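Hello,

Here is the structure I promised to pass on. My notes on what turned up follow below it.

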Amino acid sequence: AVMSSSLTDLERFFAGFKSFHFKKGEIILRAGDPVLGIYFLNRGFVRLYTVSSEGEELTLIIFQKGDIFPITWTVNGEGEDSQSYYLESLTASELIRARRGQFLKFIKSDPEALFELVSKLSQRLTGMLVRAESFVFGDAGSRVASILLICSRRFGKKINQGVEIQVPLTHSDIASLIGVARETASLEIKKLEKK
């Protein structure tokens, strides 16, 4: 990888490891798969999701360039050697994988990198809290509006007419993010378009 002074400490660390390329829709890890290291998303979008016993998918997180996962396994992973969730490439993506021990040693020795990691986790936690609130208190319409707002803040790019969400989300993807049927999500999106 090309080294540049504009790279963050985390990017510089991961630049020394092997990268893996995935196609849109390709499964990166399945629940139960062994976790071989910690991943840095260098390009594209990846979703972390779970599947209910009835086969319903619920998207928990969408990762973008610069995100690192699985953090809980990395920090608390003693004795845990398998993945609990599914990871799927939403677009063509490039991931870089490092060993858990090397990453932890690096984080403990580099305060700037640790602060960068904590900032990323804080943003993710804020989004999860807003989503949890809309799950408990909101109807389908407010859930759709809430997830669009969250995605616009996390993945949005300002354009003349407003904000464009850079992740290519389908109505099914939105439904999976908020725990409703695809038809319900489509209906609520149409209502928002009319407004």
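For the helix pairs, axes are lines fitted to C-alpha atoms over the stretch in contact, and angles run from 0 to 180 degrees between N-to-C directions. Please keep in mind that this is a predicted model.

**Helices α3 and α4**

Start with α3 (residues 100-109) and α4 (residues 111-137). They pack at an angle of about 105°, and their axes are 5 Å apart. Angles of 65 to 115 degrees count as roughly perpendicular, so α3 is roughly perpendicular to α4. On the α3 side, the contact is made by Phe103, Phe106, Ile107 and Ser109. On the α4 side, Pro111, Ala113, Leu114 and Leu117 make the contact. By class, that gives seven nonpolar residues, one polar and no charged ones.

**The cores**

In soluble globular proteins, nonpolar side chains tend to be buried together. In this model, the largest nonpolar core has 17 residues. Which of them touch the most other members? They are Ile62, Ile147, Val167, Leu169, Ile174, Leu177 and Ile178. Helices α5 (140-155), α6 (171-178) and α7 (182-194) each supply at least two residues of this core. The largest share comes from α5, with five residues.

Back in the largest core, take Ile178. Not counting residues up to four places away in sequence, Ile178 touches Phe135, Arg143, Val144 and Ile147.

**Asp67**

Is Asp67 buried or exposed? The cut-off for buried is under 20% relative accessible area. Asp67 has 4%, so Asp67 is buried. Its place is in the loop between β5 (57-63) and β6 (68-69). What does its side chain reach? The backbone nitrogen of Gln64, at 2.8 Å. A polar contact of 2.4 Å also joins the side chains of Asp67 and Arg154. Leaving out residues up to four places away in sequence, Asp67 touches Tyr39, Phe40, Leu41, Ile62, Lys120, Arg124 and Arg154.

**Pro70**

A cis peptide bond runs from Phe69 to Pro70, with omega near -10°. Pro70 is in the loop between β6 and α2 (71-76).

**Arg30**

Arg30 sits in another loop, the one between β2 (27-29) and β3 (38-43). Arg30 is partly exposed, with a relative accessible area of 45%. Which residues is Arg30 in contact with, leaving aside its neighbours within four places in sequence? Gln83, Tyr85 and Tyr86. Leu87 is 57 residues from Arg30 along the chain, yet their C-alpha atoms are separated by 6.5 Å.

Best wishes

Technical notes:
Residues numbered from 1 in each chain as written. Predicted model: local features only at pLDDT ≥ 70, side-chain atom pairs only at ≥ 80, totals over all residues. Heavy atoms only, no water. Helix = DSSP H or I, 4+ residues; strand = E, 2+ residues; numbered from the N terminus. Parallel < 35°, antiparallel > 145°, perpendicular 65-115°, else oblique. Contact = heavy atoms within 4.5 Å. Nonpolar A, V, L, I, M, F, W, Y, C, P; charged D, E, K, R; others polar. Buried < 20%, exposed > 50% of the residue type's maximum accessible area, 1.4 Å probe, protein only. Polar contact = N/O pair within 3.5 Å; in protein donor to acceptor, adjacent residues only side chain to side chain. Core = buried A, V, L, I, M, F, W, Y, C linked by side-chain atoms within 4.5 Å.
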